[in-house]
Amino acid sequence: MPRSLIFGAILSLVFLGAALLSFVWTPYNIELLDIPSRLQTPSETHWLGTDQLGRDIVSMLMMGARTSIAVALLAVGIGMGLGVPLGLVAAARRGSLLDEVIMRGNDLIFAFPSLVIAILITAVFGASAVNAIIAIGIFNVPVFARLTRGAALSFWSRDFILAARVSGKSPARISVEHILPNIGNLMIVQGTIQFSLGILAEAALSYIGLGAQPPTASWGRMLADAQTLASIAPHVALMPGLAIVFMVLGLNLMGDGLRDVLDPRIRRGRT
């Protein structure tokens, strides 16, 4: 098993475990302010210190992990749930008007930077975690649609697909029964990559005030609140920044490891 997969999975599971644990326990209640304890450095009482409002940073990071993971996971679910079927339809109807409509629609979304689209959507419909999920999910749709179409097209000329067509199976049934299982590994790998990008996008939206709103904790909002305190209390900005870095690093390493494990061409090259 690749070391990148092991190391990435460990990092990702640490943050996932912290997010799940936050549902039942955190060291302190982040909704209670403790102004006399503001900007404390790491100690036995507060392992990573406190922020400008006296809130425990460990508790904030745990709650922030829950927000980031939930937003990114749901956004990837939207992208995969819509993009994969669109890509399969486009591949099955390659060269048709429907194929052109789907792919040109993808090109239209790709013509704008993903963060700009997310900012536009959240600015128009309001700043909230739900709108952030929708905004990030919309950009994920063409990513999965393009990948699915390209991967599916490579299978439509294979002998076993031709045999399925001769047997009378419809393009939709062939896509579900024969093509989708063969490209599932690509979807899993791409899903981990988009998951890490979703973490970054959620942090960016929260940083500019268009993501999760108080009292919901968010790593991006923690960075925004701490940007003026970097010179007097660097730990307040350092901790959420490191959380984002290690979470994204873990997901990317896990994606690379999964690609090495699931891609038969890489496996054959190593044997």
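How many helices and strands are there in the protein? With that settled, which residues of helix α8 are buried, and which helices do they pack against?

Modeller: This is a predicted model, in which local features need pLDDT of at least 70 and side-chain atom pairs count only at pLDDT 80 or more, whereas totals for chains, interfaces and linings use all residues. Residues are numbered from 1 along each chain as its sequence is written, and side-chain values use heavy atoms, with hydrogens and water left out.

The protein has 10 helices and zero strands; both are DSSP runs numbered from the N terminus, helices being H or I of at least four residues and strands E of at least two. Its C-alpha atoms fill a box of roughly 75 × 50 × 30 Å along the principal axes. Of the 271 residues, 45% are buried, that is, under 20% relative accessible area, with exposed meaning over 50% and partly exposed in between (1.4 Å probe, protein chains only).

Helix α8 spans residues 219-226, and six of its eight residues are buried. They are Trp 219, Gly 220, Arg 221, Met 222, Ala 224 and Ala 226. These buried residues pack against α1 (3-21), α2 (57-92), α7 (171-207) and α9 (234-262).

Helix α2 holds Ser 59, which counts as buried because its relative accessible area is 0%. The side chain of Ser 59 reaches the backbone nitrogen of Tyr 28 at 2.9 Å. Beyond neighbours within four places in sequence, Ser 59 is in contact (heavy atoms within 4.5 Å) with Thr 26, Pro 27, Tyr 28 and Ile 30.

Helix α2 also meets α5 (residues 129-153): their axes come within 5 Å and cross at roughly 35°. Here axes are lines fitted to C-alpha atoms, for helices over the stretch in contact, and angles run from 0 to 180 degrees between N-to-C directions.

In helix α9 lies Gly 250, which is buried because its relative accessibility is 0%. Leaving out residues up to four places away in sequence, Gly 250 touches Gly 8, Leu 11 and Ser 12. The C-alpha atoms of Gly 250 and Val 189 are 61 residues apart along the chain and separated by 13 Å.

Returning to the whole, residues 24 or more positions apart account for 70% of the protein's contacts with a separation of 6 or more.

Notes. A polar contact is a pair of N or O atoms within 3.5 Å; within protein, one must be able to donate a hydrogen and the other to accept it, and residues adjacent in sequence count only if both atoms are side-chain atoms.
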